[in-house]
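Student: Could you walk me through this model, starting with the sheet?

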Amino acid sequence: MYPMSGKYVLNIKDLRHASYFGFVKRSSNALRIMTIFVLAVIAYTLVMYVSNKRLDFLGLYVLTAYLIWLLYGLSKVEFGVQRCMRSGDGVLGCEHIAIFEEQRIRILVAERRINISQMIDKLACAFELSTQFLIYLDGQSVYIIPKRGFSDEEIRCIRHNFAAKLGNRFESRYYWNEK
């Protein structure tokens, strides 16, 4: 079935989806702690209210600090998305061609004279989201490949190839559900 190629135009929805995923992935431990803390503060507040005891506000202050951190992080993501939208030399709105070979991935953006070619097993990691693949060439360079440019069979083939070549550097809830 190789090579497989898909044409797509990267849009703001794709960028926003990938950006928020990256924020959640980078902040997963802090978000878990925040969730547990929120539940603990709610339970503490309810217990203190029901028992008519004096409420200690330290938990609420820490909760407020967490919420401010969350809003700050989300605003940074949104400002990054807005900056990419305003950038005249970005790849949003340009036609991309992603070519998957058995051992290699190629990404072409003719409008910007971008021609990336990378061995799949040399990728830093890859993620499969509901509507796209995120391909990390290294720790900083990521390419968004929307699934809309590929058939269901091609997506399944790409998914299995990433799993075979990258091992635990590939994350997909769809791959593990197929097994």
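Predicted model: local features only at pLDDT ≥ 70, side-chain atom pairs only at ≥ 80, totals over all residues.

Student: What's the strand order in the open sheet?

Tutor: The order is E7-E6-E5-E8, with mixed pairing, where strands (E, at least two residues) and helices (H or I, at least four) are DSSP runs numbered from the N terminus, and two strands pair if DSSP finds at least two bridges between them.

Student: And which are the edge strands?

Tutor: Strand E7 (142-146) and strand E8 (170-171) are, since each pairs on one side only.

Student: Is Gln 132 buried or exposed?

Tutor: Gln 132, found in strand E6, is buried, because its relative accessible area is 0%; buried means under 20%, exposed over 50%, and partly exposed in between, with a 1.4 Å probe and protein chains only. Its side chain reaches the backbone oxygen of Asp 14 at 3.4 Å.

Student: Switching topic, how do H2 and H3 cross?

Tutor: The axes of helix H2 (residues 28-50) and helix H3 (residues 58-86) come within 10 Å and cross at roughly 145°, the axes being lines fitted to C-alpha atoms, for helices over the stretch in contact (heavy atoms within 4.5 Å), with angles from 0 to 180 degrees between N-to-C directions. Residues making the contact include Phe 37 of H2 and Trp 69 of H3.

How values were computed:
Residues numbered from 1 in each chain as written. Heavy atoms only, no water. Polar contact = N/O pair within 3.5 Å; in protein donor to acceptor, adjacent residues only side chain to side chain.
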